[in-house]
Amino acid sequence: MATVNGVRPRKQPAKPADGGERKLNGHSNPQDRAAASTGPTENIFLFWPNIIGYSRIVLAIASLYYMPLHPRTCSALYSVSCLLDALDGVAARQFNQSTRFGAVLDMVTDRCTTSCLLVFLSSAFPPWALLFQGLISLDFASHYMHMYATLAMGSGQSHKKVDQSRSRLLHLYYNNRAVLFVFCALNELFFIALYLLSFSSPMLSPSLLPTEKNAAASSQPGSPSHPSSMIFATPGSAWAMELARANKMESFWPWVIAGVSSPVMVGKQILNVVQLVKASKWLAEGDIQARQAQGLPKKK
């Protein structure tokens, strides 16, 4: 190799065939490549917010087990599971462990637990079954459309990052933690109150009235009128005693809770409708842009 003023020039490293610099896991410079290859691998599934999410699922399943016959135990377990929904967000910010998996786990858990409770209410109040089924459908459709729209149209951003120009209501709902907590908590509290009323209010559950007809053939959840169909048919069993206590529940506080939380519950359903409509329009805008980029519709 020729020398210049007695100094041999350094040989330049050959570049890849594509003329660009090789990338490793999205990193383009040597320092980033070294960090990517030698850095510790994190286990997303063991992040503290996700562990809290798993505990929510366990508590929710336990509440479903007790739901048909043990209203107090079920309500306590279900309420703790819902309250932990606020704690996982605090943990994510505290430990800097916000992840897409955690956000989806949180939303899916919320949808499933609420839906299971509404399914029970559909069986507890047959005349209102269609309404509860509609609420389940609206809840799932609204949140699925919204999450898909934010992932597809928002460059993978969180479903809670809603621009104010797109919807002021949704921006306030998702970006104000106090508003989000109040709406979610009181919405769940309303349905818990209805659940308790199915065990305590003859006005909503006529089978709780001691008549000869329903004493023989009542199918109301929690009614002790047909203990022979239960696992523990003995009148003095723990299950039978719990049934007796359940039907003697006072309905005053469930009525108060239902009355206080009902306006917020209605507001939450309105937000679900707004969320569904806005997400649909956002996806339609993306479809129009994609079709225009493909030269569609073609001019005749």
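This is a predicted model: local features need pLDDT of at least 70, side-chain atom pairs count only at pLDDT 80 or more; totals for chains, interfaces and linings use all residues.
## Overall architecture

The protein chain contains 10 helices and 0 strands. Read from the N terminus, its elements follow the order α-α-α-α-α-α-α-α-α-α. Among these helices are α2 (48-66) and α3 (71-94), α4 (residues 100-124), α5 (residues 129-153), α6 (168-175) and α10 (residues 252-293).

The protein chain has 300 residues, of which 36% count as buried. Among contacts in the protein chain with a separation of 6 or more, 67% are between residues 24 or more positions apart.

## Packing of α2 against α4

Two packed helices are described by the angle between their axes and the distance between the axes. For α2 and α4, the angle is about 10° and the axes are 10 Å apart. The arrangement of α2 and α4 is therefore roughly parallel, since angles under 35 degrees fall in that class.

By class, 7 nonpolar, 5 polar and 3 charged residues make up the contact of α2 with α4.

## Salt bridges around Arg56

The whole structure contains 5 salt bridges. One of them joins the side chains of Arg56 and Asp85, with an N to O distance of 3.4 Å. Because Arg56 belongs to helix α2 and Asp85 to helix α3, this pair ties together parts that are 29 residues apart in sequence. Arg56 is buried because its relative accessible area is 2%, and Asp85 is likewise buried, with a relative accessible area of 19%. The value for Asp85 falls under the 20% limit for a buried residue.

Another salt bridge is formed by the side chains of Arg166 and Glu285, at 3.8 Å from N to O. Arg166 is located in the loop between α5 and α6, and Glu285 in helix α10, so the pair ties together parts that are 119 residues apart in sequence. Arg166 counts as partly exposed because its relative accessibility is 29%; Glu285, at 38% relative accessibility, also counts as partly exposed.

## Met67 in the α2–α3 loop

Met67 occupies the loop between α2 and α3 and counts as buried because its relative accessibility is 3%. Residues up to four places away in sequence aside, Met67 touches Cys74, Cys116, Leu117, Phe120, Tyr195 and Phe199.

For Met67 and Phe120, the C-alpha to C-alpha distance is 8.1 Å in space, while the two residues are 53 residues apart in sequence.

## Ser142 in α5

Ser142 is part of helix α5. With a relative accessibility of 0%, Ser142 counts as buried. Its side chain joins that of Gln275 in a polar contact of 2.7 Å. Leaving out residues up to four places away in sequence, Ser142 touches Asn272, Gln275 and Leu276.

## Pro254 in α10

Pro254 is found in helix α10 and counts as buried, because its relative accessibility is 5%. Apart from residues up to four places away in sequence, Pro254 touches Ala193, Leu196, Leu197 and Ser200. Pro254 and Phe190 are 64 residues apart in sequence, and their C-alpha to C-alpha distance in space is 8.7 Å.

Technical notes
Residues are numbered from 1 along each chain as its sequence is written. Side-chain values use heavy atoms; hydrogens and water are left out. Helices (H or I, at least four residues) and strands (E, at least two) are DSSP runs, numbered from the N terminus. Buried means under 20% relative accessible area, exposed over 50%, partly exposed in between (1.4 Å probe, protein chains only). A polar contact is a pair of N or O atoms within 3.5 Å; within protein, one must be able to donate a hydrogen and the other to accept it, and residues adjacent in sequence count only if both atoms are side-chain atoms. Contact means heavy atoms within 4.5 Å. Axes are lines fitted to C-alpha atoms, for helices over the stretch in contact, and angles run from 0 to 180 degrees between N-to-C directions. Angles under 35 degrees count as roughly parallel, over 145 as roughly antiparallel, 65 to 115 as roughly perpendicular and the rest as oblique. Ala, Val, Leu, Ile, Met, Phe, Trp, Tyr, Cys and Pro count as nonpolar, Asp, Glu, Lys and Arg as charged, and the others, Gly among them, as polar. A salt bridge is a side-chain nitrogen of Lys or Arg within 4 Å of a carboxyl oxygen of Asp or Glu.
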